[in-house]
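I opened this notebook to record what I looked up in one structure, entry by entry. The coordinates come first, and my notes follow.

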Amino acid sequence: MIIDVHVHCAFFKDICEDSGRVQFRRDEYALHKTGPADMEQTLTVMDFAKIDKSILLPLDLTTISGDTLVSNQEVYKLVNLQPDRFIGFASVDPYCPDALEVTEYAFKDLQLAGLKLNLSRLKLYPMDKRLTPIYDLCVKYNRPIMFHAGLSWEPNAPSRYGRPIEYEDLAMAYPTLRFCLAHFGWPWVDETVMLMIKFPNVYTDTSLLYLDSPKRFFDQIFMKNMGPTWIEHNFLEQVMFGSNAPRFRPARIREGVESLPMRKGSMEKILGLNAEKFLGLGGQ
């Protein structure tokens with residue numbers, strides 16, 4: 001099974017009935033030319049890339065931006081429309097007084113499979129005390145966290161909050177909490193690597209901001225900047241396929257990943273088995 005762990009669903013037509021909300025999303029995501037895509041188009045993009053399931057990521061920035069970019073209820077709606085193709089994550093704004101209630105409702109009642117946080121947008125470090133009870137709930141419900149990590153291209157989102165080294169204390173304090181530092185933490189790839197070597201609960205994904213093409217960029221990062229056997233020999237169980245759709249095309253990211261010279265079994269782990277383990281589904 002091929003699982004894309006990093007998909008933004010803000011422009012899925014089924015949750016774009018309100019034109020004002022669509023414009024709000026364009027402004028917040030800095031995707032000014034993006035328009036709503038109907039379900040058939042979304043599934044065609046997945047099928048073209050041979051992706052079986054996509055993890056849909058909402059984002060709650062209520063106190064920063066005035067609203068959620070994508071709400072937990074909207075993700076829940078999309079998952080119910082395509083339960084065989086979509087896996088839904090939740091999001092929460094830790095500054096909100098009802099943050100714990102929102103998180104628990106998403107896990108217990110909506111049955112969302114994990115939590116998405118962008119601490120650069122929230123201007124929070126990962127060990128901020130506001131996050132502690134949220135982490136505790138994730139452990140209680142066995143839900144992983146997808147953190148935005150590395151570069152934040154939005155001008156109002158300082159990248160220092162997503163620097164991988166800032167998450168070392170979290171990995172030590174919560175050894176049973178699985179969390180993903182998305183985008184390989186680029187440009188701090190070596191810090192992401194260091195954390196994965198030390199902590200088996202730390203994951204990453206392949207949704208790097210490539211500067212030319214995915215094939216060329218992945219060759220540079222994974223075969224030249226890193227040793228060509230680093231992934232297979234050191235942290236093979238912790239790297240997941242993620243595309244960052246719709247900003248990047250899933251088929252191009254998958255082509256870049258599959259161009260890496262790896263054994264078939266190793267590639268199968270990256271493309272899906274590691275995501276199953278991350279989700280707590282018992283993938284091997």
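**Entry 1: nonpolar cores**

I looked up the largest nonpolar core and found 84 residues, of which F147, F184 and F222 touch the most other members. I take a nonpolar core as a set of buried Ala, Val, Leu, Ile, Met, Phe, Trp, Tyr and Cys residues joined through side-chain atoms within 4.5 Å. Helix α10 (residues 214–225) gives this core its largest share, five residues. Helices (H or I, at least four residues) and strands (E, at least two) are DSSP runs numbered from the N terminus. Another core lies apart from it, with 14 residues that include I3, I55, L57 and C180.

I note the basis of these entries: the model is predicted, local features need pLDDT of at least 70, side-chain atom pairs count only at pLDDT 80 or more, and totals for chains, interfaces and linings use all residues. Residues are numbered from 1 along each chain as its sequence is written, and side-chain values use heavy atoms, with hydrogens and water left out.

**Entry 2: F184**

I then followed F184, which sits in the loop between β9 and α9. F184 counts as buried at 0% relative accessibility; buried means under 20% relative accessible area, exposed over 50%, and partly exposed in between (1.4 Å probe, protein chains only). Leaving out residues up to four places away in sequence, I list V189, T192, V193, M196, T204, D205, L208, F222, M226, F235 and V239 as touching F184. Contact here means heavy atoms within 4.5 Å.

**Entry 3: backbone geometry**

Most residues other than glycine have a negative phi, and most peptide bonds are trans. F184 is not a glycine, yet its phi is positive, about 60°. K123, also other than glycine, has a positive phi near 55°. I place K123 in the loop between α6 (119–122) and α7 (132–140), and at 38% relative accessibility K123 is partly exposed.

Which residues does a cis peptide bond join, with omega about 15°? They are W186 and P187, and P187 belongs to the loop between β9 (179–181) and α9 (189–198). A cis peptide bond also joins A245 and P246, with omega about 5°. P246 is in the loop between β11 (239–240) and α12.

**Entry 4: largest pocket**

I looked up the largest pocket next and recorded a volume of about 480 Å³. Of its 24 lining residues, Q41, V45, A245, P246 and P250 are the closest to its centre. At least two lining residues come from each of β1 (3–8), α2 (39–48) and α12 (250–258), and α2 has the largest share, five residues. By class, I record 14 nonpolar, six polar and four charged residues in this lining. In this classing, Ala, Val, Leu, Ile, Met, Phe, Trp, Tyr, Cys and Pro are nonpolar, Asp, Glu, Lys and Arg are charged, and the others, Gly among them, are polar.

For pockets and cavities I used a 1 Å grid over the protein atoms alone: a cavity is a set of points where a 1.4 Å probe fits but cannot get out, a pocket is an open set with protein on both sides within 12 Å along at least five of seven lines, and lining residues have an atom within 4 Å of a point. Grid points are joined across faces, edges and corners, and a volume is the space filled by probe spheres set on the points.

**Entry 5: cavities**

How many cavities of 30 Å³ or more are there? I find three. The largest cavity has a volume of about 200 Å³. Among its 16 lining residues, H8, Y29, W153, E154 and N244 are the closest to its centre. Seven nonpolar, six polar and three charged residues make up this lining.

The second largest cavity holds about 60 Å³. Its lining includes H148, W153, H183, W186 and L208.

**Entry 6: cysteines**

I searched the whole structure for disulfides and found zero, taking a disulfide as a pair of cysteine sulfur atoms within 2.5 Å. C96 is buried at 15% relative accessibility, and C180 is buried at 0%.
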